Amino acid sequence: MNEYLKSMVSDETFGEKIEEVKETHISYIFLTKDHAYKIKKDVKFSFLDYSTLDNREFFCKEEFKINKLLSPDMYLGVSPLVKEGNNLVLSESEMPLDYAIIMKRIPEKYIMKNLIENNKIEKETLEEIALKILLFHKMTNVDSNGKYGSLANVKKNVMDNFKDLECFIGDLFSSDEFNTLIGKNLEFMNKNSALFDKRVKKSKILETHGDLHSGNIFVAPEDIYIFDAIEFNPAINTTDVAAEIAFLCMDLEFLGREDLSKIFSEKYVLESNDKEIQNLLSFYKSYRACVRAKVNGYRASADGNAKELTKKYFYLALKYAEEF
């Protein structure tokens with residue numbers, strides 16, 4: 001969707017009054033009382049390409065497909081958008097100008113991050129999330145040829161993070177701290193090359209959610225909805241299940257809830273009988289913390305809070321590296 005098409009969106013588009021419009025760097029989300037309509041922007045970055053109508057159709061359907069596995073009651077469908085008068089409308093009657101993912105709207109007060117900050121999350125919730133993620137992992141595609149799970153690829157991803165963080169040396173952390181973090185990561189990967197190879201052979205590298213944190217989970221009275229799984233780049237979401245578990249664990253610990261992190265990881269390990277995750281957890285938590293540092297680092301020049309978050313995530317990554 002470009003700005004011209006966006007200007008054609010009105011209450012008539014969805015047959016419901018639009019209450020709010022949210023915008024990310026890759027999508028617009030139009031919120032009505034009961035639904036959320038997500039429309040991908042006409043953009044192209046190094047990590048995704050939504051610049052053609054065909055691509056947006058394909059990735060809308062891919063996003064729907066993978067998220068439907070996690071939250072079938074939340075993800076309702078994908079609809080073409082066609083021109084009718086001066087408006088875009090949801091219809092299959094004419095040539096599509098764009099596509100929308102249709103979702104059930106869940107009140108934001110039920111976002112897990114908000115509930116954690118208000119101390120309203122119970123142990124049982126994390127156990128249920130672990131079971132939902134395990135079931136999801138059993139339904140997704142396995143990286144059987146080792147393209148994404150090989151040690152070489154893991155090492156590339158780790159080092160790419162460090163390249164993006166180099167610019168903060170001397171400002172947010174010292175060169176000694178930066179080199180220590182790199183050294184501990186390289187040492188761990190080199191020492192455990194057989195383990196990384198074993199994970200590929202045991203089909204532990206698969207299509208995951210890819211962005212599993214407490215901001216992408218609703219804990220509503222009627223159900224838990226895990227949403228916004230990544231569909232646009234298999235290099236990002238095809239990874240070891242240990243890296244998936246580590247993401248939410250790291251996020252919970254960043255929020256000061258080590259107790260919830262432990263409950264979640266232990267339940268997943270118990271039910272999956274994948275005890276090797278424990279050997280990889282600190283490594284992947286450190287990796288995920290570096291990813292969050294990098295993401296916030298992109299905004300640090302214009303956002304003082306993002307700069308502070310970059311620093312906090314870096315030191316969390318360093319803390320995990322001490323556990324390797």
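**Salt bridges and helix packing in a predicted model**

Colleagues, the model is predicted: local features need pLDDT of at least 70 and side-chain atom pairs count only at pLDDT 80 or more, while totals for chains, interfaces and linings use all residues. Residues are numbered from 1 along each chain as its sequence is written, and side-chain values use heavy atoms, with hydrogens and water left out.

I turn to the charged pairs. Side chains of opposite charge can pair when their charged atoms come close. A salt bridge here is a side-chain nitrogen of Lys or Arg within 4 Å of a carboxyl oxygen of Asp or Glu, and by this rule there are 32 salt bridges.

Lys61 forms one of them with Glu57, at 2.8 Å from N to O. Both residues belong to helix H3 (residues 53-70) and stand four residues apart, about one turn of the helix. Helices (H or I, at least four residues) and strands (E, at least two) are DSSP runs, numbered from the N terminus.

Which part of the chain holds Glu23, the partner of Lys41? The Lys41 and Glu23 side chains meet in a salt bridge of 2.6 Å, N to O. This pair links distant parts of the chain, 18 residues apart: Glu23 is in strand E1 (residues 20-23), and Lys41 is in the loop between strand E3 (35-40) and strand E4 (44-45). Lys41 is buried, at 11% relative accessibility, whereas Glu23 is exposed, at 53%.

A further salt bridge joins Asp259 to Arg257 at 2.8 Å, N to O. Asp259 is partly exposed, at 40%, and Arg257 is buried, at 15%. Elsewhere, shared partners tie Lys198, Arg199, Lys202, Lys204, Asp240, Asp274 and Glu276 into one network of salt bridges.

Back in helix H3 lies Glu63, which is buried, at 1% relative accessibility. Leaving aside residues up to four places away in sequence, Glu63 touches Lys38, Lys40, Ile101, Asp228, Ala229 and Glu231; contact means heavy atoms within 4.5 Å.

Now to helix packing. Two packed helices are described by the angle between their axes and the distance between the axes. Axes are lines fitted to C-alpha atoms, for helices over the stretch in contact, and angles run from 0 to 180 degrees between N-to-C directions.

Helix H6 (residues 151-165) packs on H7 at about 175°, with the axes 11 Å apart. H6 and H7 are therefore roughly antiparallel; that label applies over 145 degrees, roughly parallel under 35, roughly perpendicular from 65 to 115, and oblique to the rest. Among the H6 residues in this contact are Val158 and Phe162, and among those of H7 are Leu181 and Asn185. By class, the contact holds 11 nonpolar, two polar and one charged residue. Ala, Val, Leu, Ile, Met, Phe, Trp, Tyr, Cys and Pro count as nonpolar, Asp, Glu, Lys and Arg as charged, and the others, Gly among them, as polar.

Finally, the axes of H7 (residues 175-191) and H12 (residues 277-297) come within 12 Å and cross at roughly 140°. That makes H7 oblique to H12. The contact is made by Leu181, Asn185, Phe188 and Met189 of H7 with Asn279, Leu280, Phe283, Ser286 and Cys290 of H12. This contact has six nonpolar, three polar and no charged residues.

Note on methods:
Buried means under 20% relative accessible area, exposed over 50%, partly exposed in between (1.4 Å probe, protein chains only).
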